[in-house]
Amino acid sequence: MEELRSLHRALHMDRVIVVQTTVYATDNSGALDAMKQLGARARGVAVIDVKTPDSALADMNRAGIRGIRLNLETAGQTDPALGRQRFQAAVDRVKGGKWHVQIYTRLPVIEGMKDQIAAAPMPVVFDHFGGVKAALGTSQPGFETLLNLLKMGKVYVKISAPYRSSELPDYSDVAPVAKALIAANPRRILWGSDWPHPGLPVPGRNNSEITPFFQIDDGRVLNLLATWAPDPALRKTILVDNPAELYGF
């Protein structure tokens with residue numbers, strides 16, 4: 001926890017969204033404990049399944065959870081049909097409330113779910129640039145669909161973790177993608193650090209082995225935002241206003 005507080009001091013951040021990490025599946029106790037320690041400056045996103053009772057959702061809501069996450073990409077689930085099935089199950093669990101559904105996936109899956117997402121009764125948040133491959137630029141299949149969903153105001157996109165989209169050391173190929181997303185609808189763009197930068201699952205690795213974290217300069221990544229959104233007022237929209245609206249600060 002002290003490492004997180006130190007990071008916030010270095011980045012001059014007051015608020016934080018604690019997102020349940022994949023490795024702990026539906027055991028949200030660690031995220032909830034972190035939120036309790038951080039107090040009113042924290043909100044969270046949980047992972048649930050069909051066994052999670054409604055009473056647990058009510059408890060999590062009181063604790064500051066504001067959404068549930070579908071980790072399709074991390075689980076290697078790239079079939080849009082499966083994505084649609086899991087998304088509908090998530091919608092059914094949280095509809096009628098004030099929570100959103102956050103999805104970590106890739107563009108072809110978004111393409112195959114676009115009508116379902118457009119009809120969703122709650123906000124939908126896409127992690128990490130919507131899973132774009134920065135090297136393919138803004139003309140890659142599915143990117144126009146992501147832009148259209150943004151323009152419609154149906155989704156939020158996190159411009160987070162450029163190292164997951166880019167293979168370049170300076171992430172320079174991410175810039176056109178980031179600028180296109182921001183231009184499509186700046187009121188639906190969120191920034192995130194992705195700290196502590198968990199590594200990708202390695203096929204065949206034993207679950208008891210520790211997957212090394214990515215070594216990321218968080219200050220350098222945050223500074224990229226000023227090149228993607230040079231207007232200070234626009235950066236305030238992304239860093240302050242949008243998360244305040246979505247997470248209920």
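Which side chains does a polar contact of 2.6 Å join? Keep that in mind; the tour comes back to it. The model in your viewer is predicted.

**Stop 1**

**Stop 2**

Select residues 16-19 and show the side chains. They alternate along strand 1. Val16 and Val18 point to one face and are buried.

Strands 1 and 2 run parallel and are joined by four bridges. Look across from isoleucine 17: arginine 43 in strand 2 stands opposite.

**Stop 1: helix 2**

Select residues 29-38, which form helix 2. Together with strand 1 and strand 2, helix 2 makes a right-handed β-α-β unit. Which residues of helix 2 are buried? Ala31, Ala34, Met35 and Leu38 are. These residues cover an arc of only 100 degrees around the axis, so they sit on the same side of helix 2. Their packing partners are helix 1, strand 1, strand 2, helix 3 (54-63) and strand 3. Step just past the end of helix 2: glycine 39 has a positive phi of about 75 degrees.

**Stop 4**

Select residues 65-70 for strand 3 and residues 100-103 for strand 4. These two strands run parallel, and four bridges join them. Pick isoleucine 68, then look to strand 4: valine 101 stands opposite.

**Stop 2: two helices across the sheet**

Show its buried residues: Phe143, Thr145, Leu146, Leu147, Leu149 and Leu150. They pack against helix 5 (107-118), strand 5, strand 6, helix 7 and strand 7. Just after helix 6 comes glycine 153, with a positive phi of about 75 degrees.

**Stop 3: serine 166**

Back to the opening question. The 2.6 Å polar contact joins the side chains of serine 166 and aspartate 173. Select both. Serine 166 belongs to the loop between strand 6 and helix 7 (175-184). Is serine 166 buried or exposed? Its relative accessible area is 7%, under the 20% cut-off, so serine 166 counts as buried. Show what surrounds it. Beyond its neighbours within four places in sequence, serine 166 is in contact with Ala134, Tyr171, Asp173 and Val174.

**Stop 7**

Select tryptophan 195 and proline 196. The peptide bond from tryptophan 195 to proline 196 is cis, with omega near 10 degrees. Proline 196 is in the loop between strand 7 and helix 8 (218-228).

Move on to histidine 197, in the loop between strand 7 and helix 8. Histidine 197 is not a glycine, yet its phi is positive, about 65 degrees. Histidine 197 is buried, at 3% relative accessibility.

For a contrast, jump to histidine 12, in the loop between helix 1 (2-11) and strand 1. Histidine 12 has a positive phi of about 60 degrees, although it is not a glycine. Histidine 12 is exposed, because its relative accessible area of 69% is over 50%.

**Stop 4: aspartate 218**

Finish in helix 8, where aspartate 218 is found. Which residues does aspartate 218 touch, not counting those up to four places away in sequence? They are Leu7, Leu11, Ser193, Trp195 and His197. Aspartate 218 is buried, with 12% relative accessibility. Last, draw a distance from aspartate 218 to valine 157, C-alpha to C-alpha: the two are 19 Å apart in space and 61 residues apart in sequence.

Conventions
Residues are numbered from 1 along each chain as its sequence is written. This is a predicted model: local features need pLDDT of at least 70, side-chain atom pairs count only at pLDDT 80 or more; totals for chains, interfaces and linings use all residues. Side-chain values use heavy atoms; hydrogens and water are left out. Two strands pair if DSSP finds at least two bridges between them. Buried means under 20% relative accessible area, exposed over 50%, partly exposed in between (1.4 Å probe, protein chains only). A polar contact is a pair of N or O atoms within 3.5 Å; within protein, one must be able to donate a hydrogen and the other to accept it, and residues adjacent in sequence count only if both atoms are side-chain atoms. Contact means heavy atoms within 4.5 Å. The arc is that of the directions from the helix axis to the C-beta atoms. A crossover is right-handed if, with the strands pointing away from the viewer, the path from the first strand over the helix to the second runs clockwise.
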